[in-house]
Amino acid sequence: MRNRIILVSAALLLAVFVSGAVAISESEIQRLAQLMGWKPGEVIADVGAGEGEIGFAAAAKVGKSGKVYLTELDEQKLENLKKEVERRKLTNVTVLAAAEKKTNLPENCCDAIVLRRVYHHLTAPTEIDASLLRSLKPGGELVVIDFPPNKSLTETQPVTGVPANRGGHGIPKKILLEELTAAGFVVEKTIDDWPDDDYLVIFGRPLK
Ligand SMILES: C[S@@+](CC[C@H](N)C(=O)[O-])C[C@H]1O[C@@H](n2cnc3c(N)ncnc32)[C@H](O)[C@@H]1O
């Protein structure tokens, strides 16, 4: 029995290592919810939602008077998200197909938008940044969680099609800040001790 547990644990660790995916923990979601101040009636988008853990947690907090958008570029993940919304019978969640150069979110739709471990995958960051700015309400917040280039991920799972200045799988915080401020966002807060060696940046869309 003990050997079987060790084998299963090792297989899980290997799967995480090979895929580069790090499932979000409940404590990270709670910290994010508190930081962003999710409340009833808000409209929040989880861009590049993956399995949708952040968005589903946000949907419970914003309630029936609020709304959550989940977007994905990957068709299989998009289908899985739609099925999960149906399975959970959620009426305040909309799943949207993202595009390479557009979020496909409605203009001025959102009080807050979050991208966790997505930004370094963007192949057209200038266009997506402009689209993110249009999707946020003036005064709204964009939260980006990402990580500096990771050596082992760069070797095992290189990201293709992204600008060369990322320097591998990940993105230096300095470049993220430069790109999003050039797009018109203002930096409100930076947190360097986010879980899994990630950093978090909160940007605001100015009122004018
Ligand atoms: C490492 S996963 C992170 C998933 C999820 N945010 C999480 O924290 O678990 C990156 C996701 O970004 C998605 N993605 C990449 N480019 C995108 C784009 N332009 N718009 C929306 N999603 C995108 C990928 O399909 C993938 O599911």
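This is a predicted model: local features need pLDDT of at least 70, side-chain atom pairs count only at pLDDT 80 or more; totals for chains, interfaces and linings use all residues.
Colleague: In what order do the seven strands form the open sheet, and which strands stand at its edges?
Modeller: The pairing in this open sheet is mixed, and the order of its seven strands is E3-E2-E1-E4-E5-E7-E6. Two strands have a single partner strand each, so one side of each is left without a neighbour in the sheet, and these edge strands are E3 and E6. Neighbouring strands are turned against each other, direction ignored, by an average of 15 degrees. To return to the edges, the strands that stand there are E3 and E6.

Colleague: How many bridges join E2 to E3, and which residue stands opposite Leu-96?
Modeller: E2 and E3 run parallel, and the bridges that join them number five. The residue opposite Leu-96 in E3 is Thr-71.

Colleague: Which strands does helix H7 touch where it packs on the sheet?
Modeller: Helix H7 covers residues 173-182, and its direction makes about 15 degrees with that of E7. Where H7 packs on the sheet, the strands it touches are E5, E6 and E7.

Colleague: Which residues of helix H3 are buried, and what covers them?
Modeller: Within H3, which spans residues 53-62, the buried residues are Ile-54, Gly-55, Phe-56, Ala-58, Ala-59 and Val-62. Just after H3, Gly-63 takes a positive phi of about 70 degrees. What covers the buried residues of H3 includes helix H2 (26-36) and the strands E1 (43-47), E2 (67-72), E3 (93-97) and E4 (110-116).

Colleague: Why does Asn-104 count as partly exposed, and where is its place?
Modeller: Asn-104 has 15 C-beta neighbours inside 10 Å and therefore counts as partly exposed. Although Asn-104 is not a glycine, its phi is positive, at about 65 degrees. Its place is in the loop between E3 and E4.

Colleague: Is Asp-196 buried or exposed, and between which strands is its loop?
Modeller: With 11 other C-beta atoms within 10 Å, Asp-196 is exposed. Asp-196 is not a glycine, yet it has a positive phi of about 60 degrees. Its loop is between strand E6 (186-194) and strand E7 (198-204).

Colleague: With which residues is Lys-137 in contact, leaving aside its neighbours within four places in sequence?
Modeller: Lys-137 is found in strand E5, residues 136-146, and is partly exposed, with 15 other C-beta atoms within 10 Å. From C-alpha to C-alpha, Lys-137 and Ala-112 are 8.1 Å apart in space, while 25 residues apart in sequence. Beyond four places in sequence, the contacts of Lys-137 are with Asn-108, Cys-110 and Asp-111.

Colleague: How many residues surround the ligand, and which are the closest?
Modeller: By class, the shell around the ligand has nine nonpolar, four polar and six charged residues. The surrounding residues number 19, and the closest are Gly-48, Gly-50, Asp-74, Ala-98 and Arg-116.

Technical notes: Residues are numbered from 1 along each chain as its sequence is written. A residue is buried if 20 or more other C-beta atoms lie within 10 Å of its own, exposed if 12 or fewer, and partly exposed in between; C-beta atoms are placed from the backbone. Helices (H or I, at least four residues) and strands (E, at least two) are DSSP runs, numbered from the N terminus. Two residues are in contact if their C-beta atoms, placed from the backbone, lie within 7 Å. A residue is near a molecule or strand if its C-beta atom, placed from the backbone, lies within 6 Å of it. Ala, Val, Leu, Ile, Met, Phe, Trp, Tyr, Cys and Pro count as nonpolar, Asp, Glu, Lys and Arg as charged, and the others, Gly among them, as polar. Two strands pair if DSSP finds at least two bridges between them. Axes are lines fitted to C-alpha atoms, for helices over the stretch in contact, and angles run from 0 to 180 degrees between N-to-C directions.
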